[in-house]
Number of protein chains: 2
Amino acid sequence: MYFVKVYVTYKESVLDPQGQAVKGAVHRMGYEEIDEIRIGKYFEIKVAKGDRPVEEMIENICDKLLANVNMETYRYEITAMEEV
Amino acid sequence: MYFVKVYVTYKESVLDPQGQAVKGAVHRMGYEEIDEIRIGKYFEIKVAKGDRPVEEMIENICDKLLANVNMETYRYEITAMEEV
């Protein structure tokens, strides 16, 4: 069993209006120290051990389904888990 | 300057229908090894150094704005960054 965490964020060059809006709200709460907020998606994926390499599978799923690769970028962490 | 990563996820006891739907799509792509997908939100926050403790500020912002604490839980990582 593998436990995979995937983080999908806008590319640096892409404006994040939702993040801007949240930053405005945070400032109105009185937290002027907040300089920037960028919002992304986070996926926790459990993968059963199989014949195929997990990295390839995850990259394929990200490219085709989880991320819009035109505007977004992703990174992932794979942890092997012992069955109990 | 601090760089804070916040992860907001549904509590374990809360169903994640969006994750279920994505799991279905992944299975239809032929990746039957995927056992579970849970979807959350991910925030990258830049905080200027100030007088207030960052932890307290971030927890307050999460509780009041970023997470719905009835259904969601959050965790965060704070990294101190050198100004260049």
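## Strand pairing across the two chains

In this predicted model, strand 2 of chain A and strand 2 (residues 34-47) of chain B run antiparallel and are joined by 13 bridges. Within this pairing, A:Lys41 stands opposite B:Lys41 in strand 2 of chain B.

Strands of a sheet pair through backbone hydrogen bonds, in either a parallel or an antiparallel manner.

The pairing between the chains belongs to an open sheet of six strands, whose order is 3(A)-1(A)-2(A)-2(B)-1(B)-3(B) and whose pairing is antiparallel. At the edges are strand 3 (72-80) of chain A and strand 3 (72-80) of chain B, each of which pairs on one side only. From one strand to the next, the twist averages 20°.

## The interface between the chains

Contacts between the chains involve 28 residues of chain A and 28 residues of chain B. On the side of chain A that touches chain B, the elements giving two or more residues are strand 1, helix 1 (17-28), strand 2 and helix 2 (54-66) of chain A. Strand 2 of chain A gives the most to this side, with 14 residues. By residue class, the side of chain A that touches chain B divides into 17 nonpolar, three polar and eight charged residues.

Of the interface residues of chain A, 100% are also interface residues in chain B, and the copies therefore meet through the same surface.

## Symmetry of the two copies

Chain A is superposed on chain B by a rotation of 180° with 0.0 Å of shift along its axis, at an RMSD of 0.0 Å. The two copies are therefore related as by a two-fold rotation axis. In chain A, the C-alpha nearest the axis belongs to A:Lys41 and lies 2.4 Å from it.

## A residue of helix 2

Helix 2 of chain A, which is among the elements giving two or more residues to the side that touches chain B, contains A:Asp63. A:Asp63 counts as exposed because it has 12 C-beta neighbours inside 10 Å, the cut-off for an exposed residue being 12 or fewer. A:Asp63 and A:Val14 are 49 residues apart along the chain, and their C-alpha atoms are separated by 18 Å.

Note on methods: Residues numbered from 1 in each chain as written. Chains lettered and ligands numbered in written order. Predicted model: local features only at pLDDT ≥ 70, side-chain atom pairs only at ≥ 80, totals over all residues. Pairing = 2+ DSSP bridges. Helix = DSSP H or I, 4+ residues; strand = E, 2+ residues; numbered from the N terminus. Axes fitted to C-alpha atoms, helices over the stretch in contact; angles between N-to-C directions. Contact = placed C-beta atoms within 7 Å. Nonpolar A, V, L, I, M, F, W, Y, C, P; charged D, E, K, R; others polar. Least-squares fit on C-alpha atoms with pLDDT ≥ 70 in both. Buried ≥ 20, exposed ≤ 12 C-beta atoms within 10 Å, placed from the backbone.
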